[in-house]
Amino acid sequence: MQPTDTKNPDYYHKVVDCQWGCPAHTDVPGYIRHIAQGEYTQAYLLNRESNVFPGILGRVCDRPCEPVCRRARVDEEPVAICRLKRVAGDLKGDFKSHLPAVPSNKNGKKVAIIGAGCASLTVANDLLPLGYEMDVFESLPEMGGLIRSNIPKFRLPPEVIDEEFDVIIEQGINLHLNHPIESMKNLLQEDYDAVLVGTGAPKGRELDLPGRHETDQIHVGIAWLESVAFDHIDQVGEKVLIIGGGNTAMDCCRTSLRLGGKDVKVIYRGERHTMKSSDWELEPALEENVDLVLCHSPEEYIVEDGKLTGMRFSIMEYSVDDEGKRQSKKVDETIIPCDTVILAIGQENSFPWVERDLGIEFDQWEVPVVDPVTYESTLKGVFFAGDAAFGPKNIIEAVEQGHQAAISIHKYCNNESLKERLPHGMNLVTAKMGIHEWSYSNDYDYDDRYEVPTVPMDNRFKDINIEVELGYEPGQFKREVERCLNCDIQTDFEAGLCIECDACIDICPVNCLTITENDEESEIRKKIKTPADNYDQALYVSEDLPQTGRVMVKDEDVCIHCGLCAERCPTAAWDMKKFTLQIPYATEEAIDATQKTKKAV
Amino acid sequence: MSYIKKPNIFRSNAPKNELGMTYTDYEGAMSTLCAGCGHDSITGAIIQSVFDLNIPPHRMIKMSGIGCSSKTPAYFANQSHGFNSVHGRMPSVATGANAANKELFCIGVSGDGDTLSIGMGQFSHAIRRNVNMLYIIENNGVYGLTKGQFSASADVGSTAKKGEANKQVPIDPCQVAIALGATFVARSFSGDKDQLVPLLKAGLMHKGFAMVDVISPCVTFNDHEGSTKSYMSTRESKREAVYTDYIAPFNEIEVNYEKGSSIEVDLHDGGRVILRKTDESYSPQSRGDSVKNIRAASEEGELLTGLLYIDESQQDFTDTENMIDEPLNSIDHETLCPGNQALKNLLDSYR
């Protein structure tokens with residue numbers, strides 16, 4: 001094998017599984033360490049740098065970081081990364097004074113931002129320090145987009161949205177609420193230097209079966225949740241069927257319970273493992289006594305005299321045939337009585353206000369054709385971000401797209417190439433503070449994951465606005481942070497110093513090291529005391545060792561970053577080094593461009 | 001040494017031996033030796049050996065004397081029995097343990113000071129009696145625990161940390177052991193587990209006194225330029241005379257050895273030792289040949305390693321002394337201690 005190139009920031013970045021898994025590459029171990037030290041404001045600011053809305057995301061993020069967390073490979077459950085983010089959000093002090101200064105002299109460029117959701121406000125946040133003038137247009141009476149209209153208040157209180165959105169707007173953005181853009185053509189004729197579309201995927205998918213239009217007791221989930229959010233709907237029938245198996249279905253069923261639903265069922269046509277809802281969204285629903293009905297495929301709404309009385313379903317059976325293909329078979333039929341049906345089977349983009357002769361191309365599903373790197377549409381100067389760009393994803397994805405779109409807008413306004421973007425950088429500094437002393441808590445903590453306390457079941461349904469999760473108590477999060485394995489403290493090896501005494505190999509608690517003759521990867525993987533059979537995780541291979549010409553090999557899979565290899569190393573060939581990923585945002589791009597110009601002069 | 005305790009992490013894919021135990025199950029307390037000490041690597045090799053041999057921890061005794069080396073039994077097999085004896089007196093305690101229970105696997109760990117200075121007499125007599133044990137000398141050429149004075153195994157001309165050269169001739173434990181009639185004599189290096197582990201396994205399964213002299217660099221006092229027992233100089237001077245492989249009973253030999261260059265020696269437990277010589281003329285089954293070769297290599301500045309001498313035909317101590325097979329702890333008190341009258345009768349029989 002070739003020696004591993006640890007100078008490439010991607011190598012060590014990948015070791016930090018949570019950060020690598022996060023679309024916005026949030027420095028998770030970094031902020032967890034701040035929380036451990038009681039530095040909640042710093043923890044919040046570190047989060048805010050990459051994900052802009054820590055308070056919101058600490059409650060409702062899709063947490064792609066947690067399933068990949070190293071702790072889940074060593075222990076059973078990952079670190080409660082998401083809920084620790086909320087701790088930073090809840091306990092932070094004044095952070096506004098730490099935000100980058102916004103110049104009072106503007107740079108003369110004007111940007112129109114359509115939609116006031118997470119992607120749009122990320123763009124606004126990134127462009128503010130560069131002196132842009134920005135108009136934000138929102139069709140609804142309040143900012144937030146999907147998180148305001150579709151996420152129930154018992155999961156995300158409105159004050160949290162207000163706080164994190166207001167802080168951006170207050171820095172000098174022209175906000176136009178109740179201001180839907182009805183024509184892109186007209187907007188383009190105004191003197192904006194660039195336009196960002198961040199209007200989300202606002203249209204709920206229909207289920208057009210017999211009986212659909214004979215009653216008003218069938219609702220489209222997305223629209224229904226919005227009506228609830230803005231107090232247009234405050235009650236629901238007693239027997240409610242939610243059709244669908246995603247996270248929207250979970251929000252619909254739990255909302256129904258709070259509006260008077262007595263018998264609420266979530267009906268999904270497939271099996272449990274094909275459901276799109278996250279475990280942590282399904283579990284509270286089941287806890288609140290929602291029935292989950294699987295393998296029921298809807299066939300017909302049963303309407304008698306304009307009144308919905310039930311729904312007919314085919315009962316399905318699924319199997320895998322000899323060729324590995326999934327097969328479905330109808331085995332029976334049933335009618336489930338109900339008085340309300342809520343459809344939560346997906347959402348789509350919708351751009352009736354974008355004229356089709358402007359040069360903005362759409363594909364067959366009405367999704368705009370957008371460059372996956374620059375987020376520019378086929379019309380120069382018009383950018384898309386968030387769900388509007390590539391269809392519904394999640395909030396953290398939208399934030400990252402916002403960051404990228406902001407870079408593009410800045411480059412576009414300065415006539416720079418959109419494709420030439422700064423790469424990720426890194427900083428690597430030793431964590432050694434003295435003999436056996438490290439700048440991080442290296443001892444392994446055996447605790448199981450701490451559950452977040454919730455409001456008792458009796459009190460949950462009294463008011464739709466009661467937030468169910470209470471957030472960690474100090475005694476809990478102070479322990480939970482210790483479960484983090486500090487994956488950003490890298491085991492950095494300097495081959496030239498090694499005397500091949502084997503001390504690191506013998507001390508390693510997970511037996512992930514060896515010194516061996518160089519060979520093919522598959523062979524080397526077998527030579528480690530506990531075989532390195534997780535091919536998703538890299539093998540580190542050193543340069544040839546000076547005394548015997550063999551190589552040091554490390555399996556990154558379950559290294560717990562305890563630092564014992566470095567403590568036992570007599571020559572400091574192993575060292576524990578704090579890795580900081582440097583992510584370029586619009587500001588960094590601007591600084592880089594200025595430096596280049598200076599050099600050229 | 002470290003302040004945190006080595007975390008105990010369960011890995012579902014960790015290899016298990018026939019007893020269902022993992023490598024980690026054979027580990028001991030955290031070492032308090034210097035970081036990079038050769039002794040810790042030998043500890044690792046011992047753990048690997050007893051893991052591979054499927055030795056039940058309760059059937060193993062770990063014996064030691066005094067010195068850095070003698071701390072090591074605390075660092076492996078923490079479920080086994082152990083005895084930390086007086087300086088240089090480990091062999092007699094091991095002899096007693098052997099006499100009391102010959103079913104135990106006995107590992108004695110000693111150092112160059114504990115063996116070749118204060119314990120030289122005990123060492124010699126354990127060899128002479130052919131006590132059934134694996135006797136490991138963790139040999140670093142200095143008294144590490146008292147700040148690095150030359151030990152009896154330091155080579156002439158080898159320098160101390162501050163530059164002073166040793167003038168006294170070294171005692172070579174391998175030559176001494178062969179001369180005293182040892183039945184299993186090997187030399188290895190702590191930094192070469194590929195060689196060391198099979199030697200330890202063969203030594204443990206050998207019936208009789210198996211001595212393995214392991215060059216184990218002292219990182220603190222003897223790992224500098226000018227030292228002949230540093231990691232670097234040991235790697236440069238060592239020459240493997242006999243490559244050794246231990247094959248457990250009932251295991252097929254997987255590697256094809258060239259005829260003539262290899263010798264197979266059957267051990268009492270049914271296992272075999274395969275010896276591959278690098279030099280055709282060298283016979284590890286001839287006492288004279290072994291000593292001659294070790295001396296010749298030494299004069300060339302080379303350190304001859306591998307299983308240098310083996311004789312599987314000798315009786316061990318308990319056989320020569322005609323002792324019973326049953327461990328004494330399983331014999332009831334009446335039989336073991338038949339009382340005053342029986343003693344009197346015995347004495348009378350000599351009158």
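Helices here are DSSP runs of H or I with at least four residues, strands are E runs of at least two, and both are numbered from the N terminus. This is a predicted model, in which local features need pLDDT of at least 70, side-chain atom pairs count only at pLDDT 80 or more, and totals for chains, interfaces and linings use all residues. Residues are numbered from 1 along each chain as its sequence is written, and chains are lettered from A and ligands numbered from 1 in the order in which they are written.

**Stop 1: chain B**

Now colour chain B by burial. Of its 351 residues, 48% are buried. (Buried means 20 or more other C-beta atoms within 10 Å of the residue's own, exposed 12 or fewer, partly exposed in between; C-beta atoms are placed from the backbone.)

**Stop 2: Leu303(B)**

Zoom to Leu303(B), in strand 12 (residues 303-310) of chain B. It counts as buried because it has 27 C-beta neighbours inside 10 Å. Leaving out residues up to four places away in sequence, Leu303(B) touches Ile215(B), Thr234(B), Ser237(B), Lys238(B) and Arg239(B). (Contact means C-beta atoms, placed from the backbone, within 7 Å.) Next, draw a distance to Asp223(B), 80 residues away along the chain: the C-alpha atoms are separated by 17 Å.

**Stop 3: where chain B meets chain A**

Show both chains. 24 residues of chain B are in contact with 29 residues of chain A. Pick out helix 1 (38-52) and helix 8 (231-237) of chain B; each supplies at least two residues of the side that touches chain A. Helix 1 of chain B gives the largest share, five residues. By class, this side of chain B has 11 nonpolar, eight polar and five charged residues. (Ala, Val, Leu, Ile, Met, Phe, Trp, Tyr, Cys and Pro count as nonpolar, Asp, Glu, Lys and Arg as charged, and the others, Gly among them, as polar.)

**Stop 4: domains of chain A**

Colour chain A by its domain assignment, which is automatic or from a database: domain 1 (9-97 + 445-483), domain 2 (99-202 + 349-413), domain 3 (204-347) and domain 4 (489-582). The C-alpha centres of domains 1 and 3 of chain A lie 31 Å apart. Four residues of domain 1 of chain A are in contact with five of domain 3 of chain A. The domain 1 side has three nonpolar, no polar and one charged residues.

Methods: Contact = placed C-beta atoms within 7 Å.
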